[in-house]
Amino acid sequence: MLDPHRSQEKNITEVTMFTLLGFTDDFEMQVYLFLLFFAIYVFTVVGNLGLVLLVMIDSRLHNPMYYFLSALSFLDACYSSVVTPKMLVNFLAEKKSISFLGCAMQLFLLVTFGTTECFLLAAMAYDRYVAIYNPLMYSVSMSPRVYVPLITASYAAGILDGIIHTVATFSLSFCASNEIKHVFCDIPPLLAISCSDTHINHLLLYYVVGFIEIFTILIVLVSYGFILLVILKIRSTEGRRKVFSTCGSHLTGVSIYHGTILFMYMRPNSSYSLDHDMIVAIFYGVIIPMLNPIIYSLRNKDVKQAMKKLFNRNWFINKMQF
């Protein structure tokens with residue numbers, strides 16, 4: 001007589017690989033998607049790492065605001081690199097597989113970088129408040145003793161959250177199926193194919209993401225509440241415009257990122273649709289890292305001047321060589 005528990009245990013041990021089903025089976029469409037996302041990935045990496053390099057080489061950008069911005073850009077380049085290369089390979093590969101360990105590592109890095117970005121955006125809001133509230137004391141109030149621990153704490157919180165969700169997700173049994181209806185390993189599609197009771201995992205996802213979102217958004221709202229009070233005291237139109245231009249890019253980035261995260265994870269289980277969630281996940285995992293260099297560069301006078309200076313210097317060097 002066959003022991004059902006032993007049979008189930010056998011099935012569990014056999015799941016050493018997952019298959020990422022992706023968007024479509026149409027090869028022609030996959031080629032178009034490959035070209036599209038390859039272009040996005042190149043732009044993302046060049047844009048974000050270029051911004052990091054710009055902050056490093058231009059002395060005018062050597063202040064805490066741009067150190068936070070370079071940390072965010074580095075984070076976005078890493079975030080995109082966790083998702084996009086494997087997705088590009090799978091667009092052209094016949095077998096769209098990922099190992100159990102590879103899937104766990106991808107999930108850990110995604111959660112780590114995603115959570116770190118939440119805390120880093122909150123730290124950037126606090127930095128803007130310090131800069132605007134008392135600009136003369138900004139370099140003292142936001143010294144390396146302050147901004148380095150803030151960046152470090154953001155990464156520490158991200159790593160802790162990554163460990164929690166990765167351990168909780170991959171402690172489950174995957175005996176029902178190994179086909180993930182997604183382009184990368186994310187929590188909701190993994191919970192959908194588990195044959196274990198995922199009730200605790202759904203609660204953990206809901207409450208942990210909820211706490212992080214409430215905590216970080218509260219820091220942003222309080223910081224900008226104080227900034228608004230400062231703006232109301234400024235009588236000159238030029239002064240107000242300068243403050244708005246300083247904060248506008250950060251507010252845009254915060255709104256897009258947190259709005260997507262809230263839509264993705266802070267919903268009842270019954271409203272999850274893996275097809276729709278895959279599109280939303282692509283937006284925050286691939287599109288937002290591409291948008292951030294545009295948001296923070298095109299609306300920032302100092303960054304634009306630094307870019308212009310760098311291009312002019314390179315043009316002059318090339319001209320002298322010829």
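User: Is Asn-90 buried or exposed?

Analyst: In this predicted model, Asn-90 is buried, since its relative accessible area is 6% and the cut-off for buried is under 20%.

User: Where is Asn-90 found, and which residues does Asn-90 touch?

Analyst: Asn-90 belongs to helix α3, which covers residues 64-92. Leaving aside residues up to four places away in sequence, Asn-90 touches Leu-20, Lys-95, Lys-96 and Ser-97.

User: Leu-20 is in that list. Which way do the side chains along β1 point?

Analyst: They alternate along the strand.

User: What stands opposite Thr-19 in β2?

Analyst: Ser-97 of β2 stands opposite Thr-19, and Ser-97 is also among the residues that Asn-90 touches. In β3, Glu-179 is the bridge partner of Thr-19.

User: In what order do the strands sit in the sheet?

Analyst: The order is β2-β1-β3, in an open sheet of three strands with mixed pairing. β1 and β2 are antiparallel and share three bridges. β1, residues 17-20, runs parallel to β3 and is joined to β3 by two bridges.

User: Which strands stand at the edges?

Analyst: The edge strands are β2 (97-99) and β3 (179-180). Each has a single partner strand, so one side of each has no neighbour in the sheet.

User: Changing topic to cysteines: how many disulfides does the count come to?

Analyst: The count comes to one disulfide. The bond joins Cys-103 to Cys-185, with an S to S distance of 2.0 Å.

User: Where in the chain are the two cysteines of that pair?

Analyst: Cys-103 is in helix α4 (residues 100-133), and Cys-185 is in the loop between β3 and α7 (187-193). The two are 82 residues apart, and the pair links distant parts of the chain.

User: Why is the disulfide called left-handed?

Analyst: The torsion about the S-S bond of Cys-103 and Cys-185 is about -125 degrees, so the disulfide is left-handed.

User: Are Cys-103 and Cys-185 buried or exposed?

Analyst: Cys-103 is buried, at 0% relative accessible area. Cys-185 is likewise buried, with a value of 0%.

User: And Cys-118, buried or exposed?

Analyst: Cys-118 counts as buried, with a relative accessibility of 3%.

User: Now to the helices. At what angle do α6 and α8 pack?

Analyst: Helix α6 (residues 144-170) and helix α8 (residues 199-233) pack at about 170 degrees, and their axes are 11 Å apart. Angles over 145 degrees count as roughly antiparallel, so α6 and α8 are roughly antiparallel to each other.

User: Which residues make that contact?

Analyst: From α6, the contact is made by Asp-161, Ile-164, His-165, Ala-168 and Thr-169. From α8, the residues are Asn-201, Leu-204, Leu-205, Val-208 and Ile-212. By class, six residues of this contact are nonpolar, three are polar and one is charged.

User: Finally, the whole chain: what does the secondary structure come to?

Analyst: The protein chain has 11 helices and three strands. Along the sequence, the pattern reads α-β-α-α-β-α-α-α-β-α-α-α-α-α.

User: What percentage of the residues count as buried?

Analyst: Of the 322 residues in the protein chain, 46% count as buried. As for contacts with a separation of 6 or more, 79% are accounted for by residues 24 or more positions apart.

How values were computed. Residues numbered from 1 in each chain as written. Predicted model: local features only at pLDDT ≥ 70, side-chain atom pairs only at ≥ 80, totals over all residues. Heavy atoms only, no water. Axes fitted to C-alpha atoms, helices over the stretch in contact; angles between N-to-C directions. Helix = DSSP H or I, 4+ residues; strand = E, 2+ residues; numbered from the N terminus. Parallel < 35°, antiparallel > 145°, perpendicular 65-115°, else oblique. Contact = heavy atoms within 4.5 Å. Nonpolar A, V, L, I, M, F, W, Y, C, P; charged D, E, K, R; others polar. Pairing = 2+ DSSP bridges. Disulfide = S-S within 2.5 Å. Buried < 20%, exposed > 50% of the residue type's maximum accessible area, 1.4 Å probe, protein only.
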